[in-house]
Amino acid sequence: MEPSQHGDYLHTWMNYLQYKFNYYIAWKTYAGADSLFAQAQAVRPLLYVGDISIMKLYTEMQRALPYDVVPITEDNYDTVREVFDTNLEFLVEGYGKLVEEKGVLGAIAQLPDGFNPADKYLAAICQKGKAIAAVDLLGNSPTKNELWLSFLVVHEDLKSSGLGAQITEGVVCAAQMAGFTKINLGSFETTAAFWEKQGFTQSGANDNFLTFYRSLQ
Ligand SMILES: CC(C)(COP(=O)(O)OP(=O)(O)OC[C@H]1O[C@@H](n2cnc3c(N)ncnc32)[C@H](O)[C@@H]1OP(=O)(O)O)[C@@H](O)C(=O)NCCC(=O)NCCS
């Protein structure tokens, strides 16, 4: 084996071990993650660096926020239903026909064409066993090492209490720790000021849909 090949081989093993380690930690920490991970596991290539960052995102989100962060699956959807029920207008506006056709869970579980399911991070933020908010993040989207924040929804009863800002800061912190370089998102004009207050800068506009980013470097 050439010395350079030896280095590649070692590097591959290090990646593999790190991936296994992070997977183990995430699995131990999040009992509810089983089916999401099993689903992702079935389609993921064995050594996909993106997986490592998403696993790390799980652990870092838990660390960054003083709440339980639980992956949303079909099995626990009932516990977060209320958060979405109090935000139906936003979801219908954002997901339109998809909500009609597939219901809210079907719509939010939808992946962009060709997207690796292992890079999807759909989580409920819970306090004392009750969901208070939900967040959907897509790792390595639109490009590798960047994160797309698909949505953040806060339970209607808790809006304007600083929770949205606190969760956003948690996402920023966790994304940084997980090695992402930038967070991107789309927003309606009605919430543009919220994102600006969270340190995001507008990058584009299309009718009333605006795009924002925050660099993590
Ligand atoms: C947008 C949303 C996440 C904000 O969460 P929140 O918990 O109500 O917001 P916070 O209380 O943390 O507000 C933080 C700051 O942003 C401001 N803010 C909140 N929502 C705002 C809005 N729609 N427009 C302008 N400013 C807003 C607050 O006044 C506060 O300002 P301050 O720091 O000067 O006091 C929440 O209203 C929500 O779930 N909306 C429906 C879903 C949605 O539109 N999500 C965003 C797009 S994906």
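Visitor: How do the residues of the shell around the ligand divide into nonpolar, polar and charged?

Guide: The model is a predicted one. Around the ligand there are 19 residues, and Val154, Lys159, Gly164, Ala165 and Ala193 come nearest. By class, the shell holds two charged, eight polar and nine nonpolar residues.

Visitor: Which element gives the most to the shell around the ligand?

Guide: Strand S4 (146-154), helix H7 (163-177) and helix H8 (192-197) each give two or more residues to this shell. The top contribution is four residues, and it comes from S4.

Visitor: Which strands are the edge strands of the open sheet?

Guide: The sheet has seven strands in the order S1-S2-S3-S4-S5-S7-S6, with mixed pairing. An edge strand pairs on one side only, and this holds for strand S1 (68-71) and strand S6 (201-206). S1 runs antiparallel to strand S2 (residues 120-127), joined to S2 by four bridges. The edge strands are therefore S1 and S6.

Visitor: At about what angle to S4 does H7 run?

Guide: H7 lies across S2, strand S3 (130-139), S4, strand S5 (182-188) and S7. Angles are taken between N-to-C directions, on a scale from 0 to 180 degrees. For H7 and S4 the angle is about 160 degrees.

Visitor: Why is Arg214 partly exposed?

Guide: Arg214 lies in strand S7 (residues 209-215). Beyond its neighbours within four places in sequence, Arg214 is in contact with Val172, Ile183, Gly199 and Phe200. A residue counts as buried with 20 or more other C-beta atoms within 10 Å, and as exposed with 12 or fewer. Arg214 is partly exposed because its number of other C-beta atoms within 10 Å is 19.

How values were computed: Residues are numbered from 1 along each chain as its sequence is written. This is a predicted model: local features need pLDDT of at least 70, side-chain atom pairs count only at pLDDT 80 or more; totals for chains, interfaces and linings use all residues. A residue is near a molecule or strand if its C-beta atom, placed from the backbone, lies within 6 Å of it. Ala, Val, Leu, Ile, Met, Phe, Trp, Tyr, Cys and Pro count as nonpolar, Asp, Glu, Lys and Arg as charged, and the others, Gly among them, as polar. Two residues are in contact if their C-beta atoms, placed from the backbone, lie within 7 Å. Two strands pair if DSSP finds at least two bridges between them.
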